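I set aside some time to go through this structure and note what I looked up. The entries follow in the order I made them.

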Amino acid sequence: MTIAVDTHARRQPGQLALPALVLAFAVAAAIAAPWRYLAYLESYLSQAIILPPILAAGVAVASLLLRPAAPFSFILDTTRESLLRVVLVVLLCMLGVSAFTTFKVLIPEFVPFYADPILAQLDRMVHGGDPGLLARAIVPAWAHYPLAFLYGPVWFIQWFGLMGFVALLPNQAFRMRYFWAMALTFCLLGTAAATIFSSVGPVFYERIYMDDRFAALTRLVFDGSAVGSYMAEATSYLYDSYMSSAVRMGSGISAMPSMHIAVATLNAHMLFSFDRRAGVIGWAYLGAIFIGSIFLGWHYALDGYFSFIAVSLIWWGASRLPGARGAQVHSDGKLMQPA
C-alpha cells in the first residue's frame, strides 16, 4: 500500500502554523530557563555534524523507493529541490529538541516525582505481576544485546533518519501530516503529559523513592545480562545529571509516557501509510521497543500503552491540520506524488 494524492492539489493555507508552533515551544522553553535552553541548543547544534550521513542514507533509501529505475537522477533532483527544506527541518528540529530537553529536566521542579507508586501498582494489577520480570522470564539470553541495541542507538538513528526521509518526499500533505504529528507528540506527550504524570520508571525507583520494590528487576538489569554495564552507565549519566543539574545532551528523567514508544508508533504509522512492507518492519520494531522498554526497566507497560493510543490519535488528527489535508492512503499501487 502506498500513498497517492492529486498531483494538481493546490498549495494549502496555513503553511506557517507548524513552524510557528515549534518556535512558540522554543520561546516558552527559553523563557522558562534561558541559560539552560541556550546551552542545550548549543550542544545539539554542535552535534549536527552527524546529521549529513543520516540524511544521505535517507536520500539513498528514498531514491530506491521513489525512482528505482533512475536513483542517481533522483538524488540529484532531490539535492537541488529539497536542500533548503531539509535545512529548515533540521533547524526547527534542533530548536524543538532543545526545548523538549529543557522542559524534561524541569519536570521535577514543576511537579515533583510522585506517580511511580500508582503506576507500579496499576501495572501489577493489569498484568498479574511486574511486566519487567515477566519480560525477563521470556526473553532468551541471546536476545539481550540485540534488544538493547535496538532500543538505544538504532532508536536515535530511526528517529532522525526517518525525519530526514520524510523531509525529502515530494508529497507536501504527507510531510506536513508527519511533522505535525511529531511536533504535537513532543509538545503534548513529551512535555505536558510527562509533567502531569511526573515519574521515573522502575530502574530509578529505588534511587528516587528509597524503596526496593523493583530490587529483583534492577538486579537482573544490572547484573543479570550482557548489557548490565551499558545500563549502569546510561542510568548513572541520567541520575548524575539530575542530581547535579548539569546541562547534558539527552538528559532528563521521565517515564510516563514513553517517548521511545511514541516515536516508534508514529514511524510505524508513517511507514505503513507509505508502504505496507515498510509498515510491517515499523510495527515489528515497535514491538521490540515495547519489550525493551520494560525488559530494561526504563518504563512501566502502561507508559507504552498510553503512548501508543495517544500517538495513534494524534496521527489520525494530524491529517486535518493546516497543510496536511489530503494526506490519505490509497491502494492503487502508485508511489507518492507531489501535492
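**Charges over rings**

I began with charged ends placed over aromatic rings. Arg 207 has its charged end over the ring of Tyr 239, 5.2 Å from the ring centre. I then looked up Arg 136, whose charged end sits over the ring of Phe 295 at 3.6 Å from the centre. I note here that the model is a predicted one.

**Aromatic pairs**

I asked how many aromatic pairs the structure holds. The count is 20. I looked up two of these pairs in detail.

Phe 204 and Trp 298 make a tilted pair, with 6.1 Å from centre to centre and 50° between the planes. Phe 204 belongs to helix α10 (residues 202–209) and Trp 298 to the loop between α14 (276–295) and α15 (301–318), so this pair ties together parts that are 94 residues apart in sequence.

Trp 283 and Phe 308 form an edge-to-face pair, 6.3 Å centre to centre and with 65° between the planes. This pair links distant parts of the chain, with Trp 283 in helix α14 and Phe 308 in helix α15, 25 residues apart. I looked up the accessibility of each. Trp 283 has 29% relative accessibility, so it counts as partly exposed. Phe 308 has a relative accessible area of 35% and is therefore partly exposed.

I also noted one aromatic cluster, formed by Phe 100, Trp 155, Phe 156, Trp 159, Phe 160 and Phe 186.

**Helix α8**

Helix α8 covers residues 153–168, which is 16 residues. I then asked how many of the 16 residues of α8 are buried. Twelve are, and the helix is mostly covered. Among the buried residues of α8 are Trp 155, Trp 159 and Phe 160, which I had already listed in the aromatic cluster. The buried run also includes Gly 161, Leu 162, Met 163 and Gly 164.

**Largest pocket**

I looked up the volume of the largest pocket and found about 1100 Å³. Its lining has 41 residues, and those nearest the centre are Trp 155, Phe 156, Met 249, Gly 250 and His 260. Two or more lining residues come from each of α3 (51–66), α4, α8, α9 (172–196), α12 (228–244) and α13 (259–274). By class, I recorded 29 nonpolar, eleven polar and one charged in this lining.

**Second largest pocket**

The second largest pocket holds about 720 Å³ of space. I found 27 residues in its lining, with Leu 18, Pro 19, Val 89, Leu 92 and Phe 179 closest to the centre. The elements α1 (17–32), α4, α8 and α9 each give at least two residues to this lining. Which element gives the most to the lining of the second largest pocket? It is α4, with nine residues. The classes here are 21 nonpolar, three polar and three charged.

**Cavities**

I searched the whole structure for cavities of 30 Å³ or more, and there are two. I followed up the second largest cavity, which has about 70 Å³ of space. Residues in its lining include Asp 123, Asp 130, Phe 214, His 299 and Tyr 300. The elements that supply two or more residues to this lining are α5 (116–127) and α6 (131–138). I sorted the lining of this cavity by class as eight nonpolar, two polar and two charged residues.

**Two contacts across the sequence**

My last entries are on two residue pairs. Ala 99 lies in helix α4 and is buried, with a relative accessible area of 0%. Between Ala 99 and Cys 187 I noted 88 residues in sequence and 9.4 Å in space, C-alpha to C-alpha.

Tyr 114 is in the loop between α4 (71–110) and α5. Its relative accessibility is 37%, so Tyr 114 counts as partly exposed. Tyr 114 and Ile 208 are 94 residues apart in sequence, and their C-alpha atoms are 9.7 Å apart in space.

Methods. Residues are numbered from 1 along each chain as its sequence is written. This is a predicted model: local features need pLDDT of at least 70, side-chain atom pairs count only at pLDDT 80 or more; totals for chains, interfaces and linings use all residues. Side-chain values use heavy atoms; hydrogens and water are left out. On a 1 Å grid over the protein atoms alone, a cavity is a set of points where a 1.4 Å probe fits but cannot get out, and a pocket is an open set with protein on both sides within 12 Å along at least five of seven lines; lining residues have an atom within 4 Å of a point. Grid points are joined across faces, edges and corners, and a volume is the space filled by probe spheres set on the points. Helices (H or I, at least four residues) and strands (E, at least two) are DSSP runs, numbered from the N terminus. Ala, Val, Leu, Ile, Met, Phe, Trp, Tyr, Cys and Pro count as nonpolar, Asp, Glu, Lys and Arg as charged, and the others, Gly among them, as polar. Rings of Phe, Tyr and Trp (its six-membered ring) pair if their centres lie within 6.5 Å; planes under 30 degrees apart count as stacked, over 60 as edge-to-face and the rest as tilted. Buried means under 20% relative accessible area, exposed over 50%, partly exposed in between (1.4 Å probe, protein chains only). A charge sits over a ring if NZ of Lys or CZ of Arg is within 6 Å of the ring centre and within 35 degrees of the ring normal. The expected span of a helix is 1.5 Å times one less than its number of residues.
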